[in-house]
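The structure comes first, the notes after it.

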Amino acid sequence: MSSAVAGFKFQDVVRRFRAWGDFVEAVPYGSGHINDTYKVTFSMAGAHVHYLLQRINHKIFKNPAAVMENIMRVTDHVRARLASAGVGNVTRHSLCVVLTRGDAQPCYQDGEGNWWRMYLFIEGARTFDTIQSEGQAEEAARAYARFQNLLADLPAPRLHETIPNFHNTPIRLAALREAVKADACNRAAGARAEIEFVEKRAALCARLLDRNARGEIPERITHNDTKINNVMLDDVTGEGVCVIDLDTVMPGLALYDFGDMVRSATASTPEDERDLSKVRMRIEMFEALARGYLAEAAFLNAAEREELVFSGRLITLMIGMRFLTDYLQGDVYFKTHRPGQNLDRCRMQFRMVMSMEEQAEAMEKIVAAICAGQAV
Ligand code: ADP
Ligand code: GN1
Ligand code: MG
């Protein structure tokens, strides 16, 4: 029975929430890079019930109350839309926040300044760090596109930007250059090839934002962290059951979401693979993603369709730049489990960029064929 993992007295935290029964245990869970996540078990009159407890990383999300306000609005809206469409089992298809006892707040701040939140635990489904089949890629892409569809009519006001300029690639490039200049940990010399890799591609960074500024690519409500392990797939049917990890749902470009799906779902290896000879963009996974996404994302305009392939390359380059920046700054942002892991993650991303560059023409043909099929 782990009642005090990582120094926290979980009994004291969980009793703040409207989870009934007897606390049994809290076990670290999942492989996210940002928050601390625990699977919590309660016994309700002898039956075990699970919840998902998270300590929000408030160094990264500097305004946790704004994050939770977004999440409440988004999940309430998604549930209402699903219910009015006659979808059953709605609480399995949207994250459900468990409120605090008494004051009914979406999160609880403890005496040490930690912010905690609790969700219903989605049973009978799981996430994958590396996907195994084209069916999984297609289902994941469908689920993310449905999520974007469901939020298209979210009433005003605009959602909070929980991390400003999150996908602003020119700003990410400037941050990398600053980190190289400061070289706080004397690591830049060991990452020369990676820094050069980025500089050679610097001209690509502003492409989507420029088209956005010209009014060609619209702002939408997007997820902004559509890594493949942020969508739960049903254990039996394989269906995309629920989109999770909603901290970064905010105004963005739909292409950021498609791009991050391409980055994470087409990868042949884990994100920190050191044997780069194993790393490649699996084109059959790309085809499945594009099929699934385009089947649901009828809202995409011509300019967005034109940039689907490019978005994968850009987001992969940008996430690689972020891993590199964090490596140079001393691993202060992403969780790491061994020395050099952020540099390994960066190298793996850049190998994926190369693989996408090599296969760009074939990827474009796939998108064109799917779009042509839809036009018929
Ligand atoms: P992070 O922001 O650190 O990535 P996530 O919110 O993605 O944290 O949660 C980490 C992992 O916990 C997910 O990849 C998923 O496997 C699991 N998880 C998150 N929310 C739920 C939930 N409501 N039910 C079941 N599992 C969940
Ligand atoms: C983080 O939270 P998680 O692990 O799903 C990061 C993403 C990166 C991803 C890379 C808030 O996602 O932006 O793409 O790691 N989330 C945040 O694996 O920075
Ligand atoms: Mg996550």
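**Ligand sites, a pocket and the backbone**

A polar side-chain atom of Asn 230 sits 3.0 Å from an oxygen atom of ligand 1. This is a polar contact (a pair of N or O atoms within 3.5 Å; within protein, one must be able to donate a hydrogen and the other to accept it, and residues adjacent in sequence count only if both atoms are side-chain atoms). The model is predicted: local features need pLDDT of at least 70, side-chain atom pairs count only at pLDDT 80 or more, and totals for chains, interfaces and linings use all residues. Residues are numbered from 1 along each chain as its sequence is written, chains are lettered from A and ligands numbered from 1 in the order in which they are written, and side-chain values use heavy atoms, with hydrogens and water left out.

**Ligand 1**

- The backbone contributes contacts too: an N or O atom of Ile 122 lies 2.9 Å from a nitrogen atom of ligand 1, and a polar backbone atom of Asn 229 is 3.0 Å from an oxygen atom of ligand 1.
- Taken alone, ligand 1 exposes 550 Å², and the protein buries 96% of that. Accessible areas come from the Shrake-Rupley method with a 1.4 Å probe; for residues, only the protein chains shown count as cover.
- Around ligand 1 there are 20 residues, and Asn 35, Gln 54, Ile 122, Thr 127 and Asp 245 come nearest. A residue is near if one of its heavy atoms lies within 4 Å.
- By class, this shell has 10 nonpolar, 9 polar and 1 charged residues. Ala, Val, Leu, Ile, Met, Phe, Trp, Tyr, Cys and Pro count as nonpolar, Asp, Glu, Lys and Arg as charged, and the others, Gly among them, as polar.
- Strand S3 (47-56) and strand S6 (115-120) each supply at least two shell residues. Helices (H or I, at least four residues) and strands (E, at least two) are DSSP runs, numbered from the N terminus.
- Ligand 1 lies between domain 1 (9-123) and domain 2 (134-371), because both give residues to its shell. The bounds come from an automatic or database domain assignment.

**Ligand 2**

- A backbone N or O atom of His 33 lies 2.8 Å from an oxygen atom of ligand 2.
- Side chains also take part: a polar atom of Asp 225 is 3.1 Å from an oxygen atom of ligand 2, and one of Asp 245 is 3.0 Å from an oxygen atom of ligand 2.
- Taken alone, ligand 2 exposes 440 Å², of which the protein buries 98%.
- 17 residues surround ligand 2, with His 33, Lys 227, Glu 271, Arg 322 and Tyr 333 the closest.
- The shell has 7 nonpolar, 4 polar and 6 charged residues.
- H11 gives the most to this shell, with 3 residues.
- Domain 1 (9-123) and domain 2 (134-371) each supply at least three residues of the shell around ligand 2.

**Second largest pocket**

- The volume is about 720 Å³.
- The lining has 28 residues; Lys 59, Ile 60, Lys 62, Val 332 and Tyr 333 lie nearest the centre.
- H11 (308-329) and helix H5 (169-182) each supply at least two lining residues, as does S3. The largest share, 5 residues, comes from H11.
- The lining divides into 11 nonpolar, 9 polar and 8 charged residues.

**Backbone details**

- Most residues other than glycine have a negative phi, and most peptide bonds are trans.
- The peptide bond from Ala 156 to Pro 157 is cis, with omega near 5°. Pro 157 lies in the loop between helix H4 (134-151) and H5.
- Ala 45 is not a glycine, yet has a positive phi of about 50°. Ala 45 is found in the loop between strand S2 (36-44) and S3.

Key:
On a 1 Å grid over the protein atoms alone, a cavity is a set of points where a 1.4 Å probe fits but cannot get out, and a pocket is an open set with protein on both sides within 12 Å along at least five of seven lines; lining residues have an atom within 4 Å of a point. Grid points are joined across faces, edges and corners, and a volume is the space filled by probe spheres set on the points.
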